[in-house]
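Please consult the sequence and the structure while reading.

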Amino acid sequence: TALRRENTMPLEVVGLGVSCVDYTGVVENIPGVDETTLMVDFSKQMGGPVAVALVTFANLGGVAGYIGKIGKDVEGEIIKKTFHQFGVDIKYLIEEENTQTSLSFILVEKKSGKRTIIFNPECSFSLSFSEFDHGSITGAKFLYLDGGAPEAAIDAANWAKNKGVKIVLDAGVNMQHMVDLVRKSDIVIASKSFVLNFANGSNMEKGMREIAKFGPNIVVATC
């Protein structure tokens, strides 16, 4: 368990994107429609590509901050507590009344590790660029995005580019606006499905080369 550190240093990485709570059930076999199965394990924890990356970076000694939105609910408290525990700066975290913190329901097949994910974006996608201090980006070395809060992400990427802040895109899902973010990014860390989408499903190397044509200096694929 990490201990929270009080950071007075400038942010090295600021992340804007999804923070959610993952409700994860492990099952022997993922059921089909109208089928029922028993869970063999269950967990509840903070998730979201940007949120998890920031916690990992902070746990390794980096100085990280999060820009995003949560609801004033049980899930929102889990997210705040986790960020606080690992020393991620949350001064730019917005808490909103009468809205649901983003949730994921995840089924994991025990033997294969394959997953089925149902995601409710809710407030993670409702953030707008006008809702937070843009100086939070200017003071960082890297802006880390995952495509959450699409309009805010694109505006933040434009702002970062103009200020000389490097942009890292965690590209896991093939959403319509992701190509725009790829064009603005210096580094793209992409899932297998995202990469193959750029190669008509043919092969990973071709997909990575196609992504690089949009402008990123570095393309990394996760499998």
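Which side chain meets that of Lys72 in a salt bridge? The partner is Glu97, with an N to O distance of 3.5 Å. The model is a predicted one, and the values below are computed from it.

## Salt bridges

The pair of Lys72 and Glu97 links distant parts of the chain, 25 residues apart. Lys72 is found in the loop between β4 (64-71) and α2 (74-86), whereas Glu97 is in the loop between β5 (89-96) and β6 (103-109). In total, a search of the whole structure returns 10 salt bridges. Side chains of opposite charge can pair when their charged atoms come close.

Arg209 and Glu205 form another salt bridge, in which the closest N and O atoms are 3.1 Å apart. Both residues belong to helix α7 (residues 204-212) and are 4 residues apart, about one turn of the helix. Arg209 has a relative accessible area of 54% and is therefore classed as exposed. For Lys91 and Asp89, the closest N and O atoms of the salt bridge are 3.9 Å apart. Here Lys91 is exposed, at 57% relative accessible area, while Asp89 is partly exposed, at 23%. Salt bridges also join Lys69, Glu96 and Glu131 in a network.

## Nonpolar cores

The largest nonpolar core holds 37 residues, and the members that touch the most others are Leu16, Leu143 and Leu145. Helix α4 (residues 150-163) makes the greatest contribution to this core, with 6 residues. Apart from this core lies another, of 21 residues, which includes Met46, Val50, Ala51 and Val55.

Beyond residues up to four places away in sequence, Leu143 touches Val14, Leu16 and Ile137, among others. Further contacts of Leu143 include Ala156, Ala157 and Ala160, as well as Val165, Lys166, Ile167 and Val168.

The whole structure contains 8 aromatic pairs according to the search. Tyr23, Phe42 and Phe105 are joined by ring pairs into a cluster. Trp159 has a charged neighbour: Lys163 lies over the face of its ring, 5.0 Å from the ring centre.

Trp159 is also touched by His134, as is Phe129, when residues up to four places away in sequence are not counted. His134 is placed in the loop between β7 (115-120) and α3 (135-138). A polar atom of the His134 side chain is 2.7 Å from the backbone oxygen of Phe129.

Is Ser185 buried or exposed? Its relative accessibility is 1%, so Ser185 counts as buried, the limit for that class being under 20%. Ser185 is located in the loop between α5 (178-184) and β10 (187-191), and its side chain reaches the backbone oxygen of Leu181 at 2.6 Å.

Ala58 belongs to helix α1 (residues 49-59). With a relative accessibility of 0%, Ala58 is therefore counted as buried. The C-alpha atom of Ala58 is separated by 6.3 Å from that of Val88, although the two residues are 30 residues apart along the chain.

Conventions
Residues numbered from 1 in each chain as written. Predicted model: local features only at pLDDT ≥ 70, side-chain atom pairs only at ≥ 80, totals over all residues. Heavy atoms only, no water. Core = buried A, V, L, I, M, F, W, Y, C linked by side-chain atoms within 4.5 Å. Buried < 20%, exposed > 50% of the residue type's maximum accessible area, 1.4 Å probe, protein only. Helix = DSSP H or I, 4+ residues; strand = E, 2+ residues; numbered from the N terminus. Contact = heavy atoms within 4.5 Å. Phe/Tyr/Trp six-rings, centres within 6.5 Å; stacked < 30°, edge-to-face > 60°. Lys NZ or Arg CZ within 6 Å of the ring centre and 35° of its normal. Polar contact = N/O pair within 3.5 Å; in protein donor to acceptor, adjacent residues only side chain to side chain. Salt bridge = Lys/Arg side-chain N within 4 Å of Asp/Glu carboxyl O.
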